[in-house]
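Have the sequence and the 3D view ready.

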Amino acid sequence: MIAQEGWPFVAAAFVIGLILAGLILIIPGVPSWLELGLIPFFTPGMGLFVAYFFRDPERTPPPDSKSLILAPADGKIIEIVQEHEPLFIQGPAQRISIFLSVLNVHVNRVPISGTVNYVAYKPGEYRVAWHPKTSTLNEQSQIGLVHDSGRRVLFKQIAGRLARRIVYRLAHGDQVQAGERFGLIRFGSRMDVLVAADTVLEVRVGERVRAGASVLGLIAP
């Protein structure tokens, strides 16, 4: 399955690949061994790579997901830090940062069940996604959810040096379930999840997580 936002890019990659392959065939003097190597690379190679990037596999949330904080993105946890969060949690918080490489699934999923209570878009820079300052300086979406227990979770889609397009389909007042799709970030990027400082976490730096399936922490009453 391919994410709906990816179809135009997949189609464009196939067309560009066909054009490049055609140019190789009509350029005089190109060795046959080079043609045999490059033509499959451009077509269907380019289109297949873009289709692979925009893949959207099905995910099954773990049991009792309504009391869990799930990973909103595939990737590697590169930071877990304590900090003050002024936007939505408005107090001491733990930030979990997930780095997405170009090989990861880039479809994003909702981390907790609840109500969307805060949505903002912040333009910014395009530093490399693993740089610590990307959490505050880079282009990003900021989405806050309120769980039925009253607990708040803020998560941010953060653009990296290659990711220049953030897509999210959530609005203030939406009711959501943990694990459902809500958007994506094109190419390498980062996702930050901010929870209350007393939240019990189930992950550590260096672990790899899958959106909608891996548990980041528990929602305490």
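A search of the whole structure turns up two aromatic pairs. Rings of Phe, Tyr and Trp (its six-membered ring) pair if their centres lie within 6.5 Å; planes under 30 degrees apart are stacked, over 60 edge-to-face, and the rest tilted.

Start with phenylalanine 88 and tyrosine 118. Strands are DSSP runs (E, at least two residues), numbered from the N terminus.

How accessible are these two residues? Phenylalanine 88 has 2% relative accessibility, so it counts as buried. Tyrosine 118 has 22%, so it counts as partly exposed. The cut-offs: buried is under 20% relative accessible area, exposed over 50%, partly exposed in between (1.4 Å probe, protein chains only).

Now take phenylalanine 155 and phenylalanine 182. Their ring centres are 5.3 Å apart and their planes are at 70 degrees, so this pair is edge-to-face. Phenylalanine 155 lies in strand S7 (residues 152-159) and phenylalanine 182 in strand S10 (residues 181-185), so the pair ties together parts 27 residues apart in sequence. Phenylalanine 155 is buried, at 1% relative accessible area. Phenylalanine 182 is also buried, at 1%.

Return to phenylalanine 88. The charged end of arginine 152 sits over its ring, 4.5 Å from the centre. That label requires NZ of Lys or CZ of Arg within 6 Å of the ring centre and within 35 degrees of the ring normal.

Residues are numbered from 1 along each chain as its sequence is written, and side-chain values use heavy atoms, without hydrogens or water. In this predicted model, local features need pLDDT of at least 70 and side-chain atom pairs count only at pLDDT 80 or more, while totals for chains, interfaces and linings use all residues.

Methods: Helices (H or I, at least four residues) and strands (E, at least two) are DSSP runs, numbered from the N terminus.
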